[in-house]
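Dear colleague,

Here is the structure I said I would hand over.

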Amino acid sequence: MTLFSYVEFCLYEALDDMTNFQRTYSIGEVEIDGAAIYHTTGLRERRDHCTLFGCTREPTGFDTNRDVFVGVHNGLQEAAVPLAGRAFNSVAHGWNPVGSHQLDLRLEPGEEETFAFVLALLEQPGPTVDRAAGHALLARYAEPGAVWTAFDALRERWRVLLDGLQVDCPDTLVRRMLNTWNQSQVIATFNLSRSASLWESGIGRGMGFRDSNQDLLGCVHLVPERARQRLLDLAATQLSDGTCFHQYQPLTKKGNAEIGGGFNDDQLWLVVSTCAYIKETGDASILAEPVGYADVPGSRDDLLHHLETSIAFTLANRGKHGLPLIGHADWNDCLNLNCFSTDPDESFQTAGDVEGSRAESAMIAGLFLYAARELARLYTHLDRPEDEARLLAAYDEMLAAVEAEAWDGAWYLRAFDAAGSPVGSHVCDEGRIFVESQAWCVLGGAGAENGRARRALESVQELLAKEDGVVLVQPAYTRYHPELGEITSYPPGYKENGGVFCHTNPWITLCWCLLGEGDRALDSYLAICPATRESRIETYRSEPYAFAQMIAGPDAATPGEAKNSWLTGTAAWALVALSQGILGIRPDYGGLRVDPCIPPGWDSFHVTRRFRGVVYEIGVRNPRHVSGGVHGLTVDGREVFGNLVPAGAVGSVVHVDVELGG
Ligand code: BGC
Ligand code: NOJ
């Protein structure tokens, strides 16, 4: 048997690699040393690393020139080298460097042979390849069992990480998602934000400000130290007036000048994520960390003041209905109420003039309610009653504006456009109801006293909840509306224009939890859950274990088809909705709260939760078959009043027994 390996090397500069062929086709260099193929482009001058593609078995040939391996007019399915049955030992000088080994194997019946391919980035002190380092690396993985040992170590690292949150409950899919897949996806979104994947080319957006703050909510329990640093990095891209760079580059940590700021929800997410971090870790010292403002070189302020600057920005930028000005867009990047674009070559994300514009967002109003209340609660915890009262007064003022101006009769309006006309209202011919303002007004506490929260959620259920999840808007826009922007550029049923924009669905799950509706909460969790798509995979067409950004809605030509899997805020919010909403295991300043909202049909469930250095084994029994309400709670056998489990001794295992029943 003749076996050929094959990898294609990128030339380290992604954008240049895809566009600047007049240069890149002349710079490629490789070096071959037996089984070690080195990709050395740039090493002679400024680069301090090269790539090694090696094999632990001696090859009988190699190739490094793509045209030779594939053949000039062939495709990979009929590559020239495997067709010929032998390597040509080509050495790439420019063009597209690749790495390929030829291995001639002879196996008798039942015989086995093990060898490994190693792909590595080698740091290089000098301009010539350190062949000894390459040899040593290959020798390491040539040891019998070495690859498996490394793989086991990796597996063990993940096991320890994921063991910090494990559930045993009657629903197999819930178990599988929470225990493994959802937790690994939140690490991916935390690491990569929306920068590099099949869907995100790796050369554009970098770390989104609102995205990274939300991603952090899902994994602060997994990587608390890294979350701390991330918060400080994010805060350092805030400007002194409270706005933020919408994105920053992960390597330089500098804001993206091309897109700039002006997305008027951004800064509020920093409040939400910082509070979540402190509740998880108990580490309020982060609030005193010095962080500058991106527009004032050498400036220093503490993180707490950044949060205040965020709140102040929203308060200072309100429109005539008392609701926050939307700027370029709010969470819905495609609701561009100040863009009015007629030029197909300009980006909706940057075009238009937001200065002086009066378009307002009810979604930001709801998010403000949520953030202001979070900050007020933080002040309670810090024992600063005057600051708490100040925040609550701001909360009340915004709540009054929401209830007076943003209620449409059966749901919350989405916005007022630049001309002051309502968006997401029964008076509109298309786009009459949006999900985001229902979610955030309700999560912010609007409608709690006057029944509107429940009414708004019933409207969501009636008008937006479809077979594949809650769609973002109905009716979807059928024509381009320059006064609304990019949302109306998508065909009906896709993306923000009436697709199931999955990110918003766990918000609705959390709303159902607020209303105590356990069955609805779980149904809404399962509606977008990838694990439920195994039987419909031909339609879903995406990984049945990774949340996708979007599932095409019923108005689309391909309803039920998912796109943009992996890098989506859905991952973090789905984990929060399931673990903190449905299972109700919620970090709080004073300890771990147990406040489930489960389907009444569940008899019991068990959660293992690592929290501030203690492992809590939490058993929840449901003998009365209710959704929630704690009837009795014991901690290591001792009765505790209420639903807050006080902190245990670091390093200990604490047993919590909960009986539901109000
Ligand atoms: C997408 C949005 C995205 C925005 C910013 C739009 O085309 O539909 O989901 O947030 O671009 O990149
Ligand atoms: C994806 C973007 O990354 C996110 O920031 C935005 O909130 C959603 N799309 C909705 O437009």
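Predicted model: local features only at pLDDT ≥ 70, side-chain atom pairs only at ≥ 80, totals over all residues.

Ligand 1. Oxygen atoms of ligand 1 lie 2.8 Å from a polar side-chain atom of E496, 3.2 Å from one of K495 and 3.3 Å from one of R205. On its own, ligand 1 has 310 Å² of accessible area, of which the protein covers 80%.

Ligand 2. Around this ligand are R194, R205, R210, D211, W331, N332, D333, E496, F501 and Q549. An N or O atom in the side chain of E496 is 2.5 Å from an oxygen atom of ligand 2; for R210 the distance is 2.8 Å, and for R205 it is 3.1 Å. The protein covers 94% of the 300 Å² of accessible area that ligand 2 has on its own.

Helix α13. This helix takes in residues 385–405, and its 21 residues should span 30 Å at 1.5 Å a residue; the end C-alpha atoms are 30 Å apart, so the two values agree. Its buried residues are D387, L391, A394, Y395, M398, A401, V402 and E403. They pack against α11 (303–316), α12 (362–381), α14 (435–443) and α15 (452–464). As background, an α-helix has 3.6 residues a turn, so residues three or four places apart point the same way.

Regards

Note on methods. Residues numbered from 1 in each chain as written. Chains lettered and ligands numbered in written order. Heavy atoms only, no water. Near = heavy atom within 4 Å. Polar contact = N/O pair within 3.5 Å; in protein donor to acceptor, adjacent residues only side chain to side chain. Areas by Shrake-Rupley, 256 points an atom, 1.4 Å probe, with all protein chains shown as cover. Helix = DSSP H or I, 4+ residues; strand = E, 2+ residues; numbered from the N terminus. Expected span 1.5 Å × (residues − 1). Buried < 20%, exposed > 50% of the residue type's maximum accessible area, 1.4 Å probe, protein only. Contact = heavy atoms within 4.5 Å.
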